[in-house]
Amino acid sequence: MTKKLNIGLIGYGFMGRTHSNAYHKVTNFFDVPYEPVLQVVCGLEDKVAKAFAERWGYKSHTTDWHKVVEDENIDVVEICVPNNLHAEIAIAAAKAGKAICCEKPLALNVSQAEQMVKAVEEAGVPNLVSFNYRRVPAVTLAKQLIDEGRLGKIFHYRANFLQDWTISANVPQGGMATWRLDIKAAGSGVTGDLLAHCIDTAMWQNGSITDVCAMTETFIKERMHAETGKVEPVGIDDACTFLCHFDNGSLGNFESTRYARGHKALYTFEINGEKASIAWDLHDLHRLSYFDHSDESIVRGWRSIHVTDSDMPYMDKWWVPGLQIGYEHTFVHQVAEFLQNLAEGKSTSPDFREALATQYVCDAVLTSAKNKKWETVKKA
Ligand code: SOE
């Protein structure tokens, strides 16, 4: 009999759904050492929490997150709430001895992130931060090709994360759907929300970032706040571009904006090495573009690898070669590894400390943009 593992979810928004869905699917596709039991979901409004519990199969619901964290029956706390609530919940959950899966970015700011790392490390509780794009099979394959040395020395790492959903001045800030535009809830704009994904993937594939030079812009200076109903100054960065050096000597070039008309979630990266290059695009996520300079010149060119064969990362767990998987599956992969590591009392990468390294880069980016100077990145 597989041991039962009781899950408490805090936050019933978009991320609450991705995590719940992953718990439902994981045992069907992966051999995991636990049977997850969706015990309780917590959210602001009782009616919504109840409906969420019914739809997703949670046994109960509550509007008080303390009840989830303090419940002796709960083994894992899933934190899927706005960034300003991560620290308080995670620190309490660590003290209560719970394993924790926290949505990205780790915290509102560096100081909270450092306290969270201290709390999980002192308590010795397994932890994970949900930077899900690492677990797109094509992205994992890119990491594998780099680790095998196929690119040789890396010269350039380029990444973009482009969206267009905040161009209208009528989009409010704050509240359930638009808290990402409220500096008090989000901590930053595209830097923490979107570039954090690119930075996490980049450092995983290409090593740490040493220093950055950034510019940010807030195109719409005032928006109505959904909670107060008043027009208030906008504190987040709408767009951010930065240059950086990696520890391995390569150069980085990152851009993110919510003002790229026509792009919904265009996360792309390209890595250029001495022997080969790799490119990937979230809108075509099951393909990896690969250029190998050692190919005979008359057939040399960019290949488009369809990452669906069973010898490719994660794909032996799904369908048959040629048939694709998508966004939701990255969370299933994440939870599968989280459960496998949990059985050995281990954290899953990226853990809180690795996510702190990403937070340090984000912090250096925002400081650089403010001071108009190169900024050294603190080491986690
Ligand atoms: C913002 O629109 C957002 O939902 C991010 O918060 C997610 O992390 C990203 O994966 C997609 O875009």
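The following dialogue examines how terms are applied to this predicted model.

Modeller: In this predicted model, local features need pLDDT of at least 70 and side-chain atom pairs count only at pLDDT 80 or more, while totals for chains, interfaces and linings use all residues. Residues are numbered from 1 along each chain as its sequence is written, and side-chain values use heavy atoms, with hydrogens and water left out.

Biologist: Why is Arg 180 called buried?

Modeller: Buried means under 20% relative accessible area, exposed over 50%, and partly exposed in between, with a 1.4 Å probe and protein chains only. Arg 180 has a relative accessible area of 19%, and therefore counts as buried. Asp 193, at 11%, is buried as well.

Biologist: What makes the contact of Arg 180 with Asp 193 a salt bridge?

Modeller: The term requires a side-chain nitrogen of Lys or Arg within 4 Å of a carboxyl oxygen of Asp or Glu. For Arg 180 and Asp 193 the N to O distance is 3.5 Å, and the pair is a salt bridge. Arg 180 lies in the loop between helix H7 (175-178) and helix H8 (183-186) and Asp 193 in helix H9, so the pair ties together parts 13 residues apart in sequence. Helices here are DSSP runs of H or I with at least four residues, and strands are runs of E with at least two, numbered from the N terminus.

Biologist: Why are Asp 316 and Lys 317 called partly exposed?

Modeller: The relative accessible area is 46% for Asp 316 and 28% for Lys 317; both values therefore fall between the 20% and 50% limits. Their closest N and O atoms are 3.1 Å apart, in a salt bridge. Salt bridges that share partners also join Lys 104, Arg 180, Asp 193 and Arg 258 into one network.

Biologist: Why is helix H6 described as largely enclosed?

Modeller: Nine of the eleven residues of H6 (residues 137-147) are buried, so the rest of the structure largely encloses this helix. Among the buried residues are Pro 137, Leu 141 and Lys 143.
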